[in-house]
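Colleague: I would like to learn how to read a few features of a structure. Could we take them one at a time?

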Amino acid sequence: MPGLLRDLVSGDGEVRRAALAELYGNVLRQGTVHDATPASVPFLPVDTPDLALARHGVTLRRREGGQDAGWHLKLPLVKGGRREVHAPLGAGARPVPAGLASLVAAFVRGRELVPVVTLETDRTARTLHDRDGVALAEVSDDVVEGRRLTGGRDGRPVSWREIEVELLDGPADVLDALEEKLCEAGAVTSTSPSKLARVLGDELAPASDRGGRGAGAALMAYMEQQRGQVLAYDPLVQLADHDDDTVHKMRVAVRRIRSVLRTHARLLDGERVAELEAELKWLAGELGTVRDLEVLTARFDRHLAERGMESRAGRESLDRPAAAEREARRALKHTLRGPRYFAVLAALDDFIADPPFRGRAHRKATRVLPGLLAGSWRKVQSRYGRAERLPEGAERDRMLHSTRKAAKRARYTAEAAETPHDLAPVLDKATKRVRTLENR
């Protein structure tokens, strides 16, 4: 352990204070007030026996003691961040609070949630202040010991030391400055996304890729990515009470899967595709009901604002679509906790795990996928050409709408084809052309 980091936990007070001053005393000209709060923090992460939560980047844990006592749920990484949801401990150690259980239901799907590891953290938390006494950040210096629980017996313990920095009322560049100082002192950025993942180790290693460079393997890799997006946005959709773009993002992930099932139809068994596509269409429709009302409400809002319509009639006309959106959102949340939705997810899992490939799926992606993309692109050109020849009116509008849909399918086909990196140069030009047309 580098000397300065070792000195932070020295039993000699003078050595410890000198290390604190060296590391933190001059970060952004801050003051030198350091409130040290030693604490022993027990965590009990829970998961399904096959680690369904951890495999999708979800952490659900019970924490006893300290200011953050309670249940902590960390959701998957989306849009550059992870949302955390808390719930109180309650009277007993189980069950998981109903609200949190609902948020992870799409991952769990009826399986039991059980303790999977024990985590004991000896934490020293220090709050860093500026010269005016404003709390800039909290630095937690943790010594962690974790044990895997398997079959009721403790596994071999794993221990390590880590330093976490949480921004309080300071500017964002406080984090950059602290990271720089800690790295200069010998700290290294963790490669593990969580304490739980560090204890589980190889158990969370990704499955080996699906067979090399075949066209079918590229398609399944893309579908697996989009399934991950569906699951990641599920709890965020449940938490949303307004248009925060989560319904749209989840719907787009479903749309991407449906699109590539169509454009890659030659690689797959038609009957299995039709069964899955029908259920995905239903799910897209459930999401689309809310999304359409979100768009309608936003348009009404802009329309009234642009015209300065503050009259009672104007407000009532806005209230109606807003009320319809709230009701549709409640219905969607009920759908996301229902058996049909879970069956769709299970069918998608089965399709990806055991894809119904036909002969061409096993050919090299570099030989098959450019042809599929070219076919998608020809459909865009054909429909656009027909739209251009039509006179202004409803028929031309319908054809332009069809062109936009075809352009989206071509774009998703290009995205799926880019999974093998050596295809990117082949398809980059066509992808840009599709996106340009889509934005016209």
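Predicted model: local features only at pLDDT ≥ 70, side-chain atom pairs only at ≥ 80, totals over all residues.

Modeller: Residues are numbered from 1 along each chain as its sequence is written, and side-chain values use heavy atoms, with hydrogens and water left out.

Colleague: Which residues touch the most other members of the largest nonpolar core?

Modeller: A nonpolar core is a set of buried Ala, Val, Leu, Ile, Met, Phe, Trp, Tyr and Cys residues joined through side-chain atoms within 4.5 Å; buried means under 20% relative accessible area (1.4 Å probe, protein chains only). Here the largest core has 68 residues, and Leu60, Leu73, Leu100, Met223, Leu261 and Tyr341 touch the most other members. Helix H8 (residues 215–239) gives the most to this core, 12 residues; helices are DSSP runs of H or I, at least four residues, numbered from the N terminus.

Colleague: What is in contact with Leu261, beyond its neighbours within four places in sequence?

Modeller: Contact means heavy atoms within 4.5 Å. The partners of Leu261 include Met223, Val273 and Phe351.

Colleague: How far from Arg409 is the nearest side chain of opposite charge?

Modeller: Lys and Arg count as positive, Asp and Glu as negative, while His and the chain ends are not counted. A salt bridge needs a side-chain nitrogen of Lys or Arg within 4 Å of a carboxyl oxygen of Asp or Glu. Arg409 is in helix H14 (residues 394–417); it is buried without a salt bridge, and Glu277, the nearest side chain of opposite charge, is 8.6 Å away.

How values were computed. Buried < 20%, exposed > 50% of the residue type's maximum accessible area, 1.4 Å probe, protein only. Helix = DSSP H or I, 4+ residues; strand = E, 2+ residues; numbered from the N terminus.
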